[in-house]
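Subject: Structure for your files, with notes

Hello,

Here is the structure you asked to have passed on. The notes below it go through the contacts and surroundings of selected residues.

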Amino acid sequence: EGFIKIKNLIKKYQLNNGKGLVAVNNVNLDIEQGDIYGIMGLSGAGKSTLIRLLNRLEEPTSGEILVKQEIVDKKNNTITGYENKNILKFNMKMLREYRKKTGMIFQHFNLLNSRNVAENVAFPLEISKWKKKDIEKRVDELLEIVGLSDKKQNYPEQLSGGQKQRVAIARALANNPKILLSDEATSALDPRTTNSILELLKDINKKFGITIILITHQMEVIKKICNKTAIMSDGQIIEKGETKEIF
Ligand code: ADP
Ligand code: ADP
């Protein structure tokens, strides 16, 4: 079983000098539905490459990423079962669907500066071709979840770092993802703001059952919210398991 199964994953970059650099070296991970799975390691360990492989922002050299998918009976729109599918074999259409259900947040938020808060959060819904009325309703719902209802009309430059990350989280949740990928989401924030963002992520995990995979170089982040941890060094997972057993 399992929800996300990473098997023998390898990513080798071809460098300009003709040499190869193995950034992810035979990684195996089992992530259960509802996990907050932390991947910790020093700069250069391969964390960012690994998380980018999970939504195919990078293509691996070899290996498999199996993700549990619903089998839907199209006739009456009911779920008849589950199967594990290798996302590396997805065609463009399946990949688009998968990415819709896989939100991502970043260290530097990646907001659109020419759009206000509501318009940033609406962006993925516009791409998904939601109707204007439905978008408005969903954006309000999302801003309520992240506690930013009063900042709807503000532009990113008028917000604090923590507020910007809340906008990014709302945007990542827009399409009701099953998976949230977090790339050093609290690394640019002060300790107090970090805590409030981690609390929000924990809430989202509990309330909506979203599986969170986060990479960080900060042990406090892992200890605070991750039930499982993997430690990465030089492209390899050198330790993994329940967080309380690792520390
Ligand atoms: P981390 O996120 O843990 O800091 P990265 O995944 O960013 O690690 O990097 C892992 C290794 O891969 C590093 O040695 C880095 O220099 C190298 N690397 C990352 N991206 C590329 C790339 N696009 N081309 C070549 N080498 C890369
Ligand atoms: P799931 O597959 O997890 O149920 P969906 O995206 O199908 O997620 O639907 C989640 C929620 O979003 C539902 O409440 C649904 O009404 C709403 N929704 C989904 N797609 C649209 C759409 N194109 N326009 C308006 N609302 C939508």
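How many aromatic pairs does the count come to? One, under a rule that pairs rings of Phe, Tyr and Trp (its six-membered ring) when their centres lie within 6.5 Å, and that calls planes under 30 degrees apart stacked, over 60 edge-to-face and the rest tilted. The pair is F90 with Y98, and because the ring centres are 6.0 Å apart and the planes stand at 75°, it is edge-to-face. F90 and Y98 are both buried, where buried means under 20% relative accessible area, exposed over 50% and partly exposed in between (1.4 Å probe, protein chains only).

Before the rest, two notes on conventions. This is a predicted model, in which local features need pLDDT of at least 70 and side-chain atom pairs count only at pLDDT 80 or more, while totals for chains, interfaces and linings use all residues. Residues are numbered from 1 along each chain as its sequence is written, chains are lettered from A and ligands numbered from 1 in the order in which they are written, and side-chain values use heavy atoms, with hydrogens and water left out.

Salt bridges

The structure holds twelve salt bridges, each being a side-chain nitrogen of Lys or Arg within 4 Å of a carboxyl oxygen of Asp or Glu. One of them joins R52 and E58, with the closest N and O atoms 3.4 Å apart. E58 is buried, since its relative accessibility is 15%, whereas R52 is partly exposed at 27%. R52 and E58 also belong to a salt-bridge network that takes in K11.

Another salt bridge links R138 and E141, whose closest N and O atoms are 2.5 Å apart. These two residues sit three places apart in helix α4, so about one helical turn separates R138 from E141. (Helices are DSSP runs of H or I with at least four residues, strands are runs of E with at least two, and both are numbered from the N terminus.) R138 counts as buried because its relative accessibility is 9%, and E141 is partly exposed at 37%.

A further bridge is formed by the side chains of E242 and K244, at 3.6 Å from N to O. Here E242 is partly exposed, with a relative accessible area of 28%, and K244 is exposed at 66%.

Helix α3

Helix α3 covers residues 117–127, and its buried residues are V117, A118, N120, V121, A122, P124 and L125. They pack against α4 (132–146) and α5 (161–173), with contact taken as heavy atoms within 4.5 Å. The N-terminal end of α3 is capped by N116, which has a side-chain oxygen 3.1 Å from the backbone nitrogen of A118. That is a polar contact, defined as a pair of N or O atoms within 3.5 Å; within protein, one must be able to donate a hydrogen and the other to accept it, and residues adjacent in sequence count only if both atoms are side-chain atoms. After α3 comes K129, with a positive phi near 60°.

Other positive phi values

Which residues other than glycine also have a positive phi? Among them are N77, with phi near 55°, and F109, with phi near 70°. N77 is in the loop between β4 (62–73) and β5, and is exposed at 64% relative accessible area. F109 lies in the loop between β6 (102–106) and α3, and is buried at 10%.

K240 is in strand β10 (residues 236–242) and is partly exposed, with a relative accessible area of 46%. A polar atom of the K240 side chain lies 2.7 Å from the backbone oxygen of N28. Not counting residues up to four places away in sequence, K240 touches N28, L29, Y37, T229, A230 and I246. The C-alpha atoms of K240 and E70 are separated by 28 Å, the two residues being 170 apart along the chain.

T243 lies in helix α8 (residues 243–246) and counts as buried, with 7% relative accessibility. Its side chain reaches the backbone nitrogen of K228 at 3.3 Å. Leaving aside neighbours within four places in sequence, T243 is in contact with I222, C226, N227, K228 and T229.

Regards
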